[in-house]
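Please look over the structure below.

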Amino acid sequence: MADYILAIDQGTTSSRAIIFDKAGSIISTGQLEHEQIFPQAGWVEHNATQIWDNTREVIGQALGKANLTRHDIAAVGITNQRETAVVWDKNTGRPVYNAIVWQDTRTQPIVDRLAADGGVERFKQQVGLPLATYFSGTKIVWILENVPGAREKAEAGDLLFGTTDTWVLWNLTGGVDGGVHATDVTNASRTMFMDLETLAWDDDILAAFGVPKSMLPEIKSSSEVYGTAHSSSLLREVPVAGILGDQQAATFGQAAFDAGESKNTYGTGNFLIFNTGEEIVHSKNGLLTTLGYKLGDAAPHYALEGSIAVTGSLIQWLRDNLGLFSSAPEVEALAKTVEDNGGAYFVPAFSGLFAPYWRPDARGALVGLTRFVNKGHIARAALEATAFQTREVLDAVNADSGVDLTELKVDGGMIANNTLMQFQADILGVPVVRPVVAETTALGAAYAAGLAVGFWSSLDELRANWQEDSRWVPSMDPAERDRQLRLWKKAVTKTFDWVDADVK
C-alpha cells in the first residue's frame, strides 16, 4: 500500500497541500495565498478560478518537495472554509460570480426579509442555525437575484453550487468531464438547507429561499470514496475519500471523537467545537448546532459550535491597514513592550458579532483610551480580544452542555503566540494544551480519507498519534480575572446598535 495521505486545506487566505505519514507527521507542504477582494464595505470575495489553479499548484509543490508521485499517495482528503459560496456553470466550469466569503455581510437585507416571518430562529430547529449573513444559503440567493441571467440558468438546471470543498472536488475529479458534485454532512450543515435529523436537503426551506434543488451537491458522509482524481491531475486515479469542514476537521485532527471532547481553532476567526456525540443539542446560549462528523454508514456525531468572526484577521488588520508591524508574528514582541492593556479594550466587530451575541448591527470599537495608551497597548488589547471572545463562547458551551471543560485543546496559526496562550489560560481559569502537530485541520481531513481506504484501521489508532507539545496553566488572580471580564463585557456593549438604515 502507498505510504502517505495528501490533504488539501482550502482556507480563507490560502490553499495548501500537506502530505502526512502513518504517524500523522507532516512530510511536506505546498502553500499559495489567494487574493482577498473587498469591492465595498462589508463585501468579501475570492476568485474561485484562482483558488482551483492554486490548489493544483500546491499539490505539485507538496509532491515535489517530498520527491513523491501519485503512486505514493493512498488517498486525498479535503478540508475547507465552510460557508464561502461558489456558483458555477456546469457546462463551462466557470463561476458566474466571485466566491462570496463567509465573512461577507451584504446579504443582511435577505436575512431580514426571511426573518420577517418567524424571526432569525425561523429554521433553527431543523438546521441548528439562526438566519445570518454568515451561512452560505443567503449568498446563493444574492447571486441568483443580482447576477444577470443567473436565475434563469439555475431554473434550467445549468448552475451548480458548492462550498469550496465541492468546488475543489468537482474540479479534481474532472470538472465538466464527469466531475463529482458532492459535499459532506459537515459542510452541508452550514448552508441552512440541511435537516439535522434526516441529513437531507429540506424542500420547504429551499422553497422559502427560492433556491432550485438542482443546484445543490449530493450529501455524503465525511469518510468514503467520492471518486478518483482525473487523468489530467498529478494525482490521477488516487481516491478522494475524505471531506470535513475546516473546524470539524481540526476537531477530528485533535482526536476529539467522543461526546464531551472539544477544541478551539485560532485562525482568521476562532471556532470552538464541543462534541455532543450522537445527540442533537439545541443551544439556549447563542451557539450553533452542527454536524461533527459521519464516518461512512455509521451514525453521525453532532457538535455545539461557538463561531467568532474576527481574531487572526484583527492582527492582519493592524498589520495591513494601520502598519503597526510588518509581519503578523511581530505582534507578540510589540505586545510585550507593555505590562498590560493600559485600560484599552478592542472589540473587533468588523462583521458584526457572532457567538454568543449574533448582533449584525455591531461594529468594531477600541475603548478605554487615554493619552497613556500606545501601540504596544493596542497590540496587547488585540491579542486579548481573542482570549476574551473565546471565554464568552466557552461559558456558553458550559451552560448548554452542563459540563465544565477542565482543559482546552488548541490549534491554528495563532497558537504559536505564547503571550496569547498564557493570557488565554489566565482568562479561562483552565489549562490550555497545544499538540505536537499543530496543523490539525489538514490532519483531520487526512484521517477521514485514510480511514475510508483502510490506511488507518480505527479511531483508537488515531488517538494514539496525538501528543502534547505545550501546556499553559492559569496564573492570574481570580479577582483580576473577574475585573478584566467585567470591563470586556462593558466594552462589547459599546459596539451594539451602530448600524442604522443610513450607515453603510
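Helix H4 (residues 136-146) is largely enclosed by the rest of the structure, because nine of its 11 residues are buried. Buried means under 20% relative accessible area, exposed over 50% and partly exposed in between, with a 1.4 Å probe and protein chains only. This is a predicted model, in which local features need pLDDT of at least 70 and side-chain atom pairs count only at pLDDT 80 or more, while totals for chains, interfaces and linings use all residues. Residues are numbered from 1 along each chain as its sequence is written, and side-chain values use heavy atoms, leaving out hydrogens and water.

**Helix H4**
- Helices (H or I, at least four residues) and strands (E, at least two) are DSSP runs, numbered from the N terminus.
- Among the buried residues of H4 are Ser136, Lys139 and Trp142.
- The cover over the buried residues of H4 includes strand E6 (85-89), helix H2 (108-115) and helix H8 (203-209).

**Aromatic rings**
- Rings of Phe, Tyr and Trp (its six-membered ring) pair if their centres lie within 6.5 Å; planes under 30 degrees apart count as stacked, over 60 as edge-to-face and the rest as tilted.
- The count by this rule is 24 aromatic pairs.
- Trp102 and Phe271 make an edge-to-face pair, with 5.8 Å centre to centre and 70° between the planes.
- This pair links distant parts of the chain, 169 residues apart: Trp102 is in the loop between E7 and H2, and Phe271 is in strand E14 (residues 270-277).
- Trp102 counts as buried because its relative accessibility is 4%.
- Ring pairs join Trp102, Tyr134, Phe135, Phe271, Phe354 and Trp358 into a cluster.

Technical notes. Contact means heavy atoms within 4.5 Å.
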